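Please open the model in a viewer and keep the sequence panel at hand.

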Amino acid sequence: YGGGLYPTGAQDNVRRMRASEPEVNAVVDRAIMALSFDDRGDVLVGTLQGLVRCVGRRVQRLALPGKTPWAPVVSLWREGTATWIGTSQGLYRLNDDGLWSTPAWSAEFKGKQTVTAMADDGDGGYWIATTNGLWRVRGGNAPTAVTHETHALGLNSQVQALLRQDDGALWVALPSRGLGYLRSDWRRTAVLDEGHGLRGGLYRGIAPAARGGVWLAGSAGSIE
């Protein structure tokens, strides 16, 4: 939290991104919650005071749809030529041509059900991690809760990270439980916890490891 936005050059030189408008600098100088890059190298930046777009050296605020244009942005997820934007006021999709194309079912994901991470399900739908559990959207159908049961989520319903493998299997960070694994055929699930060598706690990030398995980023700054 805090400290601003810093791109790194090819020579490992670090510079601080600055805008021509002081109010934009005030936004990016606070917490940076998420980053998303398109094929042109342009960047969308999620902050506690809305969305910021960086095109080359130009840094500008980008208003969200609706009545709260500067709502806190919690997550960004890239899909094809569009970016999904998870905010406290709703889930939105911004196309690279600048047009918004948000489906009707996304209206459910706001407030206590803010989207923290997303992945496609390989069948035209989505896995959606939120501050109120894990959800699945099949095609354009209504979202379905996957992990609302207490025995699945433990004492905390926030799901901060997920990762879908190429074979369709899903890794899910389960608060107060550890790391959940759902096989692609849905016939078997497993939960890895401290008994399997994990430190536990809240995992904020999951990334594939080059030699198989996954890397985990914990909320306390640990890497496993």
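**A serine in a strand**

Begin by selecting Ser75, which lies in strand β5, spanning residues 73–79. The model is a predicted one. Ser75 counts as buried, because its relative accessibility is 8%, under the 20% cut-off. Next, display the backbone of Val115: its oxygen lies 2.8 Å from a polar atom of the Ser75 side chain. Leaving aside residues up to four places away in sequence, the residues that Ser75 touches include Ala34, Trp84, Val115 and Ala117.

**Salt bridges**

Asp96 lies in the loop between β7 (90–95) and β8 (115–120), so the pair ties together parts that are 18 residues apart in sequence. Asp96 is partly exposed at 25% relative accessible area, and Arg78 is likewise partly exposed at 22%.

Proceed to Arg164 and Asp120, whose side chains form a salt bridge at 3.4 Å, N to O. This pair links distant parts of the chain, with Arg164 in strand β12 (residues 162–164) and Asp120 in strand β8, 44 residues apart.

Now select Asp38, Arg40 and Asp42, which a network of salt bridges links. Within it, the Arg40 and Asp42 side chains meet at 3.6 Å, N to O. Arg40 is exposed, at 57% relative accessible area, whereas Asp42 counts as buried at 15%.

**The whole chain**

Finally, select everything: the chain has two helices and 17 strands, and 42% of its 224 residues count as buried.

Note on methods: Residues are numbered from 1 along each chain as its sequence is written. This is a predicted model: local features need pLDDT of at least 70, side-chain atom pairs count only at pLDDT 80 or more; totals for chains, interfaces and linings use all residues. Side-chain values use heavy atoms; hydrogens and water are left out. Helices (H or I, at least four residues) and strands (E, at least two) are DSSP runs, numbered from the N terminus. Buried means under 20% relative accessible area, exposed over 50%, partly exposed in between (1.4 Å probe, protein chains only). A polar contact is a pair of N or O atoms within 3.5 Å; within protein, one must be able to donate a hydrogen and the other to accept it, and residues adjacent in sequence count only if both atoms are side-chain atoms. Contact means heavy atoms within 4.5 Å. A salt bridge is a side-chain nitrogen of Lys or Arg within 4 Å of a carboxyl oxygen of Asp or Glu.
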